[in-house]
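Student: I have this one open on my screen and would like to talk through how its parts are held together. Could we go contact by contact?

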Amino acid sequence: MGTIKIYNGKVITPQGIVDHGSLLISGSKIQSLVSGDSNVKADIEIDAKGNYISPGFIDIHVHGGGGHDFMDNTVEAFHAIARMHAMHGTTAMNPTTLTSEVADLYKTLDVYEEARATKYNGASFIGLHIEGPSCR
């Protein structure tokens with residue numbers, strides 16, 4: 001993918017909000033942030049129409065989404081959850097298990113590794129949050 005320019009937005013930064021901001025992105029890196037339009041041409045140009053431009057969210061405790069749960073223990077469920085969360089601004093997540101039998105947790109670990117290793121569109125899996133085995 002080439003360069004992306006997102007312009008005419010309220011850019012959220014650690015120092016505050018940059019009104020009418022413009023971001024230039026190349027690959028996965030922000031190359032520049034300016035107040036106003038950068039006047040640089042990009043391969044893809046997105047008018048934020050005055051809306052907020054925010055860094056991606058990282059969800060460290062998420063059980064599922066889009067009608068799926070990570071404990072469904074299918075690669076398809078993991079990927080569907082990742083796609084749904086990405087549509088709402090989450091760029092990375094820690095799938096979270098339920099308290100369950102040890103065998104179910106092992107299955108979730110295996111499916112997690114398979115889901116991470118398979119190409120998909122959606123939020124990245126950056127770890128697994130295990131709530132714990134059943135205490136029987």
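**Contacts, one at a time**

Student: Is Asp-37 buried, exposed or partly exposed?
Tutor: Asp-37 has a relative accessibility of 38%, and therefore it counts as partly exposed, because that class covers the range between 20% and 50%. Please keep in mind throughout that this is a predicted model.

Student: OK, and what does the side chain of Asp-37 meet?
Tutor: It meets the side chain of Lys-5 in a salt bridge, with 2.9 Å from N to O. Lys-5 belongs to strand S1 (residues 3-13), whereas Asp-37 sits in the loop between strand S3 (29-35) and strand S4 (44-47), so the bridge ties together parts that lie 32 residues apart in sequence.

Student: How many salt bridges turn up in the whole structure?
Tutor: A search of the whole structure finds one.

Student: Which ring does Lys-5 lie over?
Tutor: Lys-5 lies over the face of Tyr-7, at 5.4 Å from the ring centre. There is also Lys-10, which lies over the face of Tyr-52 at 5.0 Å from the centre of that ring.

Student: Switching to ring against ring: how many aromatic pairs are there?
Tutor: The structure holds six. One of them is Phe-70 with Phe-125, whose ring centres are 6.3 Å apart and whose planes stand at 80 degrees, so this pair is edge-to-face.

Student: Where do those two phenylalanines sit, Phe-70 and Phe-125?
Tutor: Phe-70 is in the loop between strand S8 (68-69) and helix H1 (75-86), and Phe-125 is in strand S10 (residues 124-125), so the pair joins parts 55 residues apart in sequence. Both residues are buried, and for Phe-70 the relative accessible area is 0%.

Student: Which residues do the ring pairs link into a cluster?
Tutor: The cluster consists of Phe-70, Phe-78, Tyr-112, Tyr-120 and Phe-125.

Student: What else does Phe-70 touch, leaving out residues up to four places away in sequence?
Tutor: Its contacts include Val-62, His-63, Ile-81, Met-93, Pro-95 and Thr-108.

Student: You mentioned Thr-108; which helix is it in?
Tutor: Thr-108 is in helix H2 (residues 102-117), where it is buried with a relative accessible area of 0%. Leaving out residues up to four places away in sequence, Thr-108 touches Phe-70, Met-71, Asn-73, Phe-78 and Thr-97.

Student: New topic, the strands: in what order do the three strands of the open sheet run?
Tutor: The order is S6-S9-S10, with parallel pairing, and the edge strands, S6 (57-62) and S10, each pair on one side only. Four bridges join S6 to S9 (residues 90-95), and Phe-57 has Thr-90 in S9 as its bridge partner.

Student: What lies across those strands, S6, S9 and S10?
Tutor: Helix H1 does, running at about 140 degrees to S9.

Student: Last one: in which sense do S2 and S3 pair, parallel or antiparallel?
Tutor: Strand S2 (residues 16-26) and S3 pair in the antiparallel sense over six bridges, with Gly-21 standing opposite Ser-35 in S3. Their hairpin has two residues between the strands, and Gly-27 takes a positive phi near 65 degrees there.

How values were computed
Residues numbered from 1 in each chain as written. Predicted model: local features only at pLDDT ≥ 70, side-chain atom pairs only at ≥ 80, totals over all residues. Heavy atoms only, no water. Salt bridge = Lys/Arg side-chain N within 4 Å of Asp/Glu carboxyl O. Buried < 20%, exposed > 50% of the residue type's maximum accessible area, 1.4 Å probe, protein only. Phe/Tyr/Trp six-rings, centres within 6.5 Å; stacked < 30°, edge-to-face > 60°. Lys NZ or Arg CZ within 6 Å of the ring centre and 35° of its normal. Pairing = 2+ DSSP bridges. Contact = heavy atoms within 4.5 Å. Axes fitted to C-alpha atoms, helices over the stretch in contact; angles between N-to-C directions.
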